[in-house]
Amino acid sequence: MSQREQWSSKLGFILAAAGSAIGLGAIWKFPYIAGQNGGGAFFLIFIVFTLLLGLPLLLAEFTIGRSTQDHAIASYRKIAPGTKWYWIGILGMVTCFILLSFYSVIGGWIIIYLFKAIIGDLNGLSSAQYADVFGTTISNPTISLIVQFLFMLITILVVAKGVQKGIEQASKIMMPALFILFILLVVRAVTLDGAMEGVTFLLQPDFSKVTSKTILEAMGQSFFTLSVGVSVMVTYSSYLPKSQSLPRSAISIVGMNLVIVLLAGLAIFPAVFAMGLEPGAGPVLLFNVLPTVFSHLPFGMLFFIAFLILFLFAALTSAFSMLEIIVSVISKGNPNGRKKWSWIIGLAIFVFGIPSALSYGVLGDITLFGKTFFDLMDYTVSNILMPLGSLLIAIFVPLKMKKTALYEELQKGSKLKKGLFEAWFFLLRYVAPLLIIAVMLDVLGVW
Ligand code: PHE
């Protein structure tokens with residue numbers, strides 16, 4: 001096999017994998033789903049799922065990727081030759097295809113706001129006017145398609161350039177900057193008049209609001225924010241040298257993600273309550289609320305522009321990983337193939353995403369199972385395909401990989417205690433499959 005690309009530094013991998021994880025899931029999706037599901041109880045269930053399922057699964061994907069040093073399909077083939085387990089990789093590719101098709105719509109919304117903020121269209125509006133301007137803009141078919149296309153174009157150009165130069169370099173500066181701006185935003189939001197109600201909403205669980213739908217959405221959300229169940233993390237860790245500690249990487253990614261989720265919640269909900277807005281507003285929540293928070297800061301629009309650039313970046317680093325997993329399988333590491341396939345697949349994703357982009361305008365009234373095209377795609381990915389992929393990975397690893405080999409792989413670059421290893425193995429082998437199946441059956445009304 002030819003020399004494979006590797007991450008140029010330990011930090012490069014962590015930042016890129018964290019870049020895949022931290023994105024719209026933590027910043028855009030978490031607040032709106034939590035808002036629709038009653039706040040605190042959802043948050044708590046989400047944390048429990050992240051620790052009991054997300055973390056062990058992330059580590060499982062890392063182990064598959066680094067032990068085989070191969071992409072999302074070949075890695076399963078290497079471990080279980082002659083079997084159909086590589087379909088986990090195919091499922092992951094399909095999921096990422098659909099995921100990116102609507103992810104790019106939201107990416108486009110960030111571009112719209114960025115543009116509007118730069119040309120000064122957002123100066124001095126009231127919070128109701130922000131919601132109005134935003135709603136009108138995203139319902140315009142030409143604008144929403146142009147910005148969705150722009151988002152895909154950037155994704156294609158970076159992925160076409162290749163792993164090292166494309167993804168790693170850029171992740172290094174932007175993530176810490178985003179983090180710092182978020183802290184500023186939280187400080188402003190929680191000091192608004194009437195903000196405490198929002199803090200309580202997020203941090204005080206009210207279990208009377210919990211239904212089986214809440215539980216499913218919390219589980220889907222924990223997979224979504226960590227990018228697990230779609231073999232993206234298998235692909236990323238396949239570029240990783242043996243000197244890196246997998247458990248430490250997984251823990252730091254989960255930790256960073258939880259912090260960003262908390263910061264996003266603390267930036268949004270206090271402001272929602274302080275302004276008398278509706279926490280269950282759905283996908284537009286963040287976009288309606290944020291400009292108001294920024295407008296209460298000195299030099300607010302400048303900070304807003306900086307925030308949007310970083311937010312766009314966070315969304316892009318996740319988008320790169322979705323396209324990367326598909327391209328890396330299809331181009332088989334051949335640089336010319338990479339370029340060609342990045343374009344072909346990227347454009348196909350854009351076309352597939354058109355109905356999602358139009359779901360907030362001309363196709364808004366067309367629904368299937370009571371959902372717009374956008375909502376249907378999001379629901380399918382987050383609540384069906386990602387849990388399914390995660391379930392299969394949780395079954396695959398303990399079944400097809402030798403326990404001693406797993407322990408050895410996890411020991412490389414780290415001193416993992418035997419007890420912790422056993423705990424991980426137990427969570428993966430028993431807790432994860434049973435819990436995922438139980439939640440899915442619950443939603444089907446079996447209990
Ligand atoms: N974790 C990403 C986010 O939160 C979404 C994602 C899911 C990315 C699956 C890659 C694969 O935005």
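A residue counts as buried if 20 or more other C-beta atoms lie within 10 Å of its own, as exposed if 12 or fewer do, and as partly exposed in between, with C-beta atoms placed from the backbone. This is a predicted model: local features need pLDDT of at least 70, side-chain atom pairs count only at pLDDT 80 or more, and totals for chains, interfaces and linings use all residues. Residues are numbered from 1 along each chain as its sequence is written.

**View 1. Helix α2 is mostly covered.** Helices here are DSSP runs (H or I, at least four residues), numbered from the N terminus. Of the 13 residues in α2, 12 are buried. Among them are Trp28, Lys29 and Tyr32. The cover includes α3 (40-68), α5 (87-118) and α14 (300-331).

**View 2. Helix α2 bends at Phe30.** Just after α2, Gly38 takes a positive phi of about 85°.

**View 3. Helix α9 (residues 196-203) has buried residues Gly198, Phe201 and Leu202.** Seen down the axis of α9, they fall within an arc of 90° (taken from the directions from the helix axis to the C-beta atoms), so they line one face. They pack against α3 and α12.

**View 4. Leu58 and Ala267 touch the most other members of the largest nonpolar core.** That core has 157 residues. It is a set of buried Ala, Val, Leu, Ile, Met, Phe, Trp, Tyr and Cys residues joined through C-beta atoms within 7 Å. Helix α14 gives the most, with 18 residues.

Definitions and conventions. Bend = angle between axes of the 7 residues up to and from the residue. Helix = DSSP H or I, 4+ residues; strand = E, 2+ residues; numbered from the N terminus. Contact = placed C-beta atoms within 7 Å.
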